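Thanks for making the time this morning.

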Amino acid sequence: MLKLFRRNKLLISNILSLGTLQFLNFLFPLITFPYLVRVLGVEKFGLVSFAAAFISYFVLITDYGFNLSAVREISIHRNDRQRLSKIISSVYAVKILLFVISILIFTILLFSFQRFSKESELYIASFIFTFGSLIMPTYYFQGIENTKSIALVTFIVKLIWVASIFAIVTSPSDYVLLAYLNSISWFAIGCLLFFLMVFRYKIKLVVPGLSQLKEQFREGGVLFLSNISVNLYTTSNIFILGLLTNNIIVGYFSAADKIRLAVQGLLNPFILGVYPHLSNLFNTDRARAYRFVIRSFKSVGLLSFIISSLMFFFSKEIVIILLGSEYMSSVIILKILSFLPFIIFISNLFGMQSILNMGQAKVLAVIMSSAAALSIVTAFLLIHVYEEIGASITMLFTELCIAFCVIIYLFKKGFFFEKEIF
């Protein structure tokens with residue numbers, strides 16, 4: 001164990017930091033979530049969730065594919081500060097351009113459709129979250145495998161966020177204030193990390209050349225297609241559900257899905273911490289990378305299966321404790337979604353972590369975009385008839401298809417038969 005720790009000291013430290021961060025992301029909503037669903041009520045909680053789902057499209061546009069492509073590039077050039085400054089400067093230049101485009105699209109939609117214009121303040125408050133994503137340099141800290149700063153900054157800001165929620169959000173009419181608090185907290189985290197990156201790590205922002213901008217567009221383009229595909233078959237379920245039904249049904253579905261996301265988040269330290277590590281391994285020693293993936297599947301995969309099983313068998317008790325008896329309609333939704341942490345772990349490990357780092361981003365993009373198209377069609381068909389149950393089945397079916405396709409592709413490529421693995 002000591003030899004293993006010494007050999008992977010940076011990786012383990014990074015995962016522990018991300019574990020602390022994820023624990024905070026799990027703890028703070030665990031404190032506020034039961035309070036908010038009761039104070040806001042099903043309808044207002046559903047409305048806020050719908051607004052967040054709508055704004056996530058603009059966050060996706062602004063982030064582009066940099067949360068993966070920039071992490072990989074920074075991981076490879078982590079010791080070249082001049083190169084890092086050029087990479088980060090070009091990333092910010094592209095993000096600013098995409099942010100301006102997002103503002104234009106958001107403004108047009110906001111004043112063109114009554115559904116958005118009648119709650120314009122809510123959507124504007126939620127849109128501030130996009131500005132936070134523009135500034136947020138988490139890709140830099142992940143790339144250099146130093147996530148302690150992210151954990152510390154997040155802890156400080158989230159602590160203030162929790163106190164503010166209990167002090168300010170006291171009735172259903174405060175739902176817009178909740179959107180402001182969510183957006184401002186994310187913006188604050190982004191600003192603090194940005195200043196830390198510039199002043200502590202001496203990253204200088206320079207005017208990037210046209211060739212550098214083209215390179216960033218190209219590097220992130222395929223991953224952006226994958227990201228937008230992921231968004232289409234995840235967040236879009238809430239958005240489509242809101243379009244075809246009402247805020248109350250969205251509230252039941254969103255409440256159950258937030259529990260699923262919180263439980264799934266327990267695996268995020270491994271997923272986020274391992275990506276830059278595997279980027280290096282696939283770039284320098286593929287045999288070790290293969291062995292690492294298989295061992296991770298056996299150990300963390302088993303843990304994710306146990307977590308999913310517990311959520312399935314105790315879904316009723318979880319809903320009653322966290323949401324209250326008013327949300328009993330969320331129990332069946334949570335049961336359907338309960339095995340997503342296990343399924344998504346498999347597709348992430350063999351997809352994002354393996355296929356992507358093998359240099360097959362286009363293959364992953366095809367799988368994700370096909371799944372997104374299938375999900376959209378299935379969602380409109382099932383939600384129209386079965387409403388929130390249809391949305392839940394759509395998510396489960398889509399994730400199963402992705403995991404199946406990813407494994408079949410690697411199986412055909414002989415990934416599971418590499419001699420070095422054994």
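Predicted model: local features only at pLDDT ≥ 70, side-chain atom pairs only at ≥ 80, totals over all residues.

Let me begin with helix H4 (residues 81–112) and helix H6 (residues 120–135), which pack at an angle of about 170° with their axes 10 Å apart; the axes are lines fitted to C-alpha atoms, for helices over the stretch in contact, and angles run from 0 to 180 degrees between N-to-C directions. That angle makes H4 roughly antiparallel to H6, a term used for angles over 145 degrees. Residues are numbered from 1 along each chain as its sequence is written, and side-chain values use heavy atoms, with hydrogens and water left out.

Helices here are DSSP runs (H or I, at least four residues), numbered from the N terminus. Among the residues of H4 that meet H6 are Phe-99, Ile-103 and Phe-106, and the H6 side includes Tyr-123, Phe-127 and Phe-131, where contact means heavy atoms within 4.5 Å. By class, this contact has twelve nonpolar, four polar and one charged residues.

The second pair is helix H17 (residues 340–355) and helix H19 (residues 388–412), whose axes come within 9 Å and cross at roughly 40°. On the H17 side, Phe-350 and Ser-354 are among the residues in contact, and on the H19 side Val-406 and Leu-410 are among them. The contact of H17 with H19 has 15 nonpolar, three polar and one charged residues.

Which residues touch the most other members of the largest nonpolar core? In that core of 63 residues, they are Leu-278, Leu-323, Tyr-327, Phe-350, Leu-410 and Phe-415; a nonpolar core is a set of buried Ala, Val, Leu, Ile, Met, Phe, Trp, Tyr and Cys residues joined through side-chain atoms within 4.5 Å, and buried means under 20% relative accessible area. H17 gives the most to this core, with nine residues.

Lys-202 sits in the loop between helix H9 (175–199) and helix H10 (210–232), and at 48% relative accessibility it counts as partly exposed, the class between 20% and 50%. Glu-387, in the loop between helix H18 (361–386) and H19, is likewise partly exposed, at 34%.

Technical notes
Helix = DSSP H or I, 4+ residues; strand = E, 2+ residues; numbered from the N terminus. Nonpolar A, V, L, I, M, F, W, Y, C, P; charged D, E, K, R; others polar. Parallel < 35°, antiparallel > 145°, perpendicular 65-115°, else oblique. Buried < 20%, exposed > 50% of the residue type's maximum accessible area, 1.4 Å probe, protein only.
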